[in-house]
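The sequence and the structure are shown first, and the description follows.

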Amino acid sequence: MRRTVRPPALRTRSLSTPGARAAFDRLVRVAAAVDGQAPFNDQALVDAEKGTRKLVFIVEPQESPSAAEHLVGAAILGEDELELVVDPEWRGSGYGGAAVAELLSDAPAGLKAWSHGDHPAARALARRFGFTPVRTLLQLRMPLQQSATTGTAFESFRPGVDEDEWVALNARIFAHHPEQGSITVDDLHAREAEEWFDPGDFLIARDEAGTMIGYNWLKIENDLGEVYVVGVDAPGRGLGRSLMLAGLERMRQRGCTTAALYVEADNTPAVALYRSLGFSDHTVDVQYVLGEPPAARHAES
């Protein structure tokens, strides 16, 4: 097992720099291919792009100031949240622990950190640095087979028209959700600029007066269709199930063979709905919260 002799260098970088973007994108692709799970959530990536969260490169110690920078990991750090990944080739080297120790050197209690895929190394780091698990996010999946069922027809999202109404509705539905409920119009515009965005995959439900009361936003890439976020302002009327069925049918029409979604493990009604539609467990994400900084923070890996 490879061990570091010297701690890595931490460098703040911007995704607007082509070289940094290319190196970061490669790291994300490699980690996702090995782990079967993206190392950063979409909001963290949006914030890193905007510069509202700091992007930190974990760089192999250099023999001289002029030596080429060798990226071995990266972290996205906000005021109260941290996400970090180490290149699979360099795991077990001690770089992850050394980087976390430095990143947490002045971190307050209450800092949150995600482990996407509940990786064993992340669990070990969490214990070492005094993090406690507080949330569990399930990724569920189901195979998609061809269906002749059309179900309820819903409108498509209208870019340039529906942003303000959707953001207000989303904020009401997810008022107690720390990430989803805080999405702004600018955040929505950033997602509309993504290659995967298609307004036809953003299903909108309205009442008789034309007011938006629900939605099912899909993220379709290749043959995988994700229920990116689904919400209803009037639960208990079957609208959520209708939106889900319409979304699954849209995925089939787009050629998807698998459907995926994320749901809080303690959201019993939603989990029950998704399982009744045929979804089953795929992966688990765990969110940790930092307690008082432990003495072990500065210990050797």
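In which strand does valine 232 lie? In this predicted model, valine 232 belongs to strand β10, which covers residues 224-232.

**The annotated binding site**

An unreviewed UniProt entry places the feature "binding site" at Val230, Gly231, Val232, Pro235, Gly236, Arg237, Gly238, Leu239, Gly240 and Arg241. Leucine 239 is found in helix α7, formed by residues 239-253. Leaving out residues up to four places away in sequence, valine 232 touches Ile173, Ile213, Gly214, Leu239, Gly240 and Leu243. With the same exclusion, leucine 239 touches Phe154, Ala205, Ile213, Gly214 and Val232. Is leucine 239 buried or exposed? Because its relative accessible area is 16%, and buried means under 20%, leucine 239 is buried.

The domain assignment divides the protein chain into domain 1 (9-107) and domain 2 (145-256). Their centres, taken over C-alpha atoms, are separated by 31 Å. Six residues from domain 1 and seven residues from domain 2 take part in the contact. The size of an interface is often given as the accessible area lost when the parts come together. Between them, domain 1 and domain 2 bury about 510 Å², and 35% of this lies on carbon and sulfur atoms. Asp42, Gln43 and Val46 account for 75% of the area that domain 1 buries against domain 2, more than any other three residues.

Polar links also cross this interface: the rule finds two salt bridges, and four residue pairs are in polar contact. On the side of domain 1 that touches domain 2, helix α2 (residues 42-50) gives the most, with five residues.

**Glutamine 37**

Glutamine 37 is placed in the loop between α1 (18-35) and α2. Its relative accessibility is 6%, so glutamine 37 counts as buried. Apart from neighbours within four places in sequence, glutamine 37 is in contact with Ala31, Ala32, His116, Gly117, Gln139, Tyr262, Thr283 and Asp285. One of these residues, Asp285, also has a polar contact with glutamine 37 through the side chains.

The table sets out two side-chain pairs with their distances.

| Pair | Interaction | Distance |
|---|---|---|
| Lysine 50 and aspartate 187 | Salt bridge, closest N and O atoms | 2.8 Å |
| Glutamine 37 and aspartate 285 | Polar contact of side chains | 2.6 Å |

Terms used
Residues numbered from 1 in each chain as written. Predicted model: local features only at pLDDT ≥ 70, side-chain atom pairs only at ≥ 80, totals over all residues. Heavy atoms only, no water. UniProt positions renumbered as here; feature names shortened; annotations may be inferred. Helix = DSSP H or I, 4+ residues; strand = E, 2+ residues; numbered from the N terminus. Contact = heavy atoms within 4.5 Å. Buried < 20%, exposed > 50% of the residue type's maximum accessible area, 1.4 Å probe, protein only. Domains from an automatic or database assignment. Buried area = accessible area lost by both parts, 1.4 Å probe. Salt bridge = Lys/Arg side-chain N within 4 Å of Asp/Glu carboxyl O. Polar contact = N/O pair within 3.5 Å; in protein donor to acceptor, adjacent residues only side chain to side chain.
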